[in-house]
Amino acid sequence: MTDTQTTPDASPTGPRPLKLVTQNNHGRARLTPAPPEGELIDSPPFPEAARRELGLPVQRTNLRHAMTAIRTKRADVVAELDNWEDLRAAGAAIKDDVVRHLDRYLVQLEESLTRAGTVVHWARDAAEANRIVVDLVKERLVDEPYQEVVKVKSMATQEIELNEALEDAGVAAWETDLAELIAQLGHDRPSHILVPAIHRNRGEVREIFTTEMGNYGKPAPADLDSQPVNLANASREHLREKFMRAHVAISGANFAVADSGTLCVVESEGNGRMCLTLADTLISVVGIEKVVPTFADLEVFLQLLPRSSTAERMNPYTSLWTGPTDGDGPQDMHVVLVDNGRTNVLADPVGRDALRCIRCSACLNVCPVYEKVGGHAYGSVYPGPIGAVLTPQLRGTASSVDRSLPFASSLCGACNEVCPVKIPLAELLVHMRHKVVESKKADPLVSAKGLGLHAEPALMKSASWLFSDGRRWSAALGAEATVGGKVLGRVTDHFGPLPWPLSKWTNARDVPMVPDETFRHWFEHRGDRPDAKGREHLASEEGDAR
Amino acid sequence: MSENSSARDAVLGRIREALADVPADEPKTSQWTYGRPTAMPDVLDRFVERVADYEATVVRLHDGSDDAIGRALVEGLATIGVHDVVVPPGLPQPWRQAIADAGVEVVDDDPPLSRERLNAIGGVVTAARVGAAESGTIMLDHAADQGRRALTLVPDVHVCVVRADQVVSDVPEAVERLQDSVAQRRPITWVSGPSATSDIELKRVEGVHGPRTLYVIVAGRP
């Protein structure tokens, strides 16, 4: 259970000191709940992980329920705006301009932030970003009894795994968004960009709160039931004592405005405002692609984002700040601009469209694949269609999970239709598939390992040789009947599963049965059979035309 | 510092290399016209309807005089059952007086209260900067009549007076009105209903960390 106290002088009535906890922490004494063991990048390839996730019936029910609800809501609030398509076009064009001239906008942003009194740091990768934040935090907490920070929900800090870097440095990072809190206390990883605990239902949340809250602060009420309002209230009580003593807060930013040096955080609960307002120091970790050119551009994005993400006309709270303000909120402000693979994405003239993303999660919510398997199967903090195109670009295609991600889609294109900044997700998935295949060709090690995965390109190559010449094709077809028709007969109208290696193809597909005769044969001999359906059909059409 | 500047140079260098195919002087492609009003039958009606949609209480007051606002504030605080409120230093004096005269304890945030003290106070009364009808959003720029950000965050009840001439049709007009505030580097907070979460089963629950009760008085004629 709980043991060593790291903070000596807490009175029995005062706030509880930080403790080192080993319960459910893989046998290690920690300040914060341990996430699952292992690195995300070592996750199994998507098909394998998907099979694992599909075996969780409660999760599947939770996801189906939630995704159906939010899709309907989104469609309703989007239909309210006559100019939704104009907004999308504007959002796409503005972000496209940012992406294509990112160096210019970043330099402008740096100038504006600095002028407003915010200190700007740059980080090439996750390790550098973490080092900058940890150093800033340790310096500011040197005389504080509580070695801790409060956090606003942020994808960038999840991506760089800042919480673990802080834990390693002896600082507790408390997630304050309700869903992030559920994931953190549940020793879990987020499974959705917007609602990270969407794979959990109220009963599971109650269980997590009851078991874990007391280890890390104010315990859940003894009589806590699973009503969402009471669960939300338990999180209010648990976090309030942390907000009241917070010295350092860490946030991300939804938008960073180049012309004014304003940062913007969009949220619902007010936990973001607590962090942004009550702490003495605010450190914001911002991906370099988060820039928008002007303050006026926010009129586009603050219409697109809430309707696409929480499916509301507006989210409850949006905070905009332009450096420190005398007598109001943190006086010590820092921004860490993080690359961490974004310039890899930028270097691909096709793939760079993915950097327009404003992390709304609409593409997850409409994705039939995501709805079935949930976010954990993607082995990345970015799941769903955007994750499948972004992750292998950010991290590269060296790992088996990253190589599998572009194939985690049926290419139905629903994501293209909802994306508020018109990222052509389906096209990018195809593009990434091509890149994965090319990279495998270039890598002998991968080729040797991935025998089965290479069957498809080899088949395609021989098929293209065959199709490219009419004589070869005729010869291959033989006379009038097809091999399929001859050999397989007409038992059924489609192929079922075939043995390996063809099972690679047929496990996920029904292939129509090969017809008895070839089209060419049928076409040449169609006159021999006046009763042939095709001719009758043609004749009746001619009759109609008259 | 030198490490930081080398990281800066490295990141900007990578970006420039990655964008070698992009002409520096290519024209912008956005066709968007900024600051346009959204057409609607009645802006104030829409504002009242949309704010109320978020489970906030909205009172429409055609008489925009300080006396009338004072009476509406007293009535609102009584309805909610708040016995003490913090007020920003620039709240119009007649409003403050009316509340105090009604027997509600008025605590001035001057000098600024500690967060613990703020946490123990029942409510806060403020003015606003802009209202956006279509999205039902109240925008604060934390001027003297609204107070610093913690005031409208920590207490559990927020009573907010929005004047009719502050209400515009939609977000684009509102953002335009906020240009002065951002030029002065004021912090800005948009409030659309009381604090809420949909994090459990996507079921919206009013009230987590911010004020769980939002009471809005829309005062005067446009």
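A residue is called buried here if 20 or more other C-beta atoms, placed from the backbone, lie within 10 Å of its own, exposed if 12 or fewer do, and partly exposed in between. The structure is a predicted model, in which local features need pLDDT of at least 70 and side-chain atom pairs count only at pLDDT 80 or more, whereas totals for chains, interfaces and linings use all residues. Residues are numbered from 1 along each chain as its sequence is written, and chains are lettered from A and ligands numbered from 1 in the order in which they are written.

**Chain A overall**

Chain A contains 26 helices and 14 strands; helices (H or I, at least four residues) and strands (E, at least two) are DSSP runs numbered from the N terminus. Of its 546 residues, 48% are buried. Two residues are in contact if their C-beta atoms, placed from the backbone, lie within 7 Å. Among the contacts in chain A with a separation of 6 or more, 73% join residues 24 or more positions apart.

**Helix α19 of chain A**

Helix α19(A) runs over residues 425–442, and its 18 residues reach 25 Å from the first C-alpha to the last, close to the expected 26 Å. That expected span is 1.5 Å times one less than the number of residues. The buried residues of α19(A) are L425(A), L428(A), L429(A), M432(A) and V436(A). They lie on the same side of α19(A) because they cover an arc of only 100° around the axis, the arc being that of the directions from the helix axis to the C-beta atoms. H434(A), E438(A), K441(A) and A442(A), on the other side of α19(A), are exposed. The cover over the buried residues of α19(A) includes α14 (362–366), α16 (384–395), α17 (400–404) and α18 (414–418) of chain A.

α16(A) packs against α19(A) at an angle of about 40°, and their axes are 9 Å apart. Here axes are lines fitted to C-alpha atoms, for helices over the stretch in contact, and angles run from 0 to 180 degrees between N-to-C directions. The two helices α16(A) and α19(A) are therefore oblique to each other; angles under 35 degrees count as roughly parallel, over 145 as roughly antiparallel, 65 to 115 as roughly perpendicular and the rest as oblique. On the side of α16(A), the contact is made by P385(A), I386(A), A388(A), V389(A) and P392(A), and on that of α19(A) by L425(A), L428(A), L429(A) and M432(A).

**Backbone exceptions**

Most residues other than glycine have a negative phi, and most peptide bonds are trans. Two residues of chain A with positive phi, neither of them a glycine, are listed below.

In chain B, D110(B) and P111(B) are joined by a cis peptide bond with omega of about 5°. P111(B) is located in the loop between β3 (105–108) and α5 (115–119) of chain B.

**Interface of chains A and B**

In the interface, 60 residues of chain B are in contact with 74 residues of chain A. The elements of chain B that each supply at least two residues to the side touching chain A are α1 (2–18), α5, α6 (171–177), α7 (179–183), β9 (188–191) and β10 (196–197). The largest share of that side, 10 residues, comes from α1(B).
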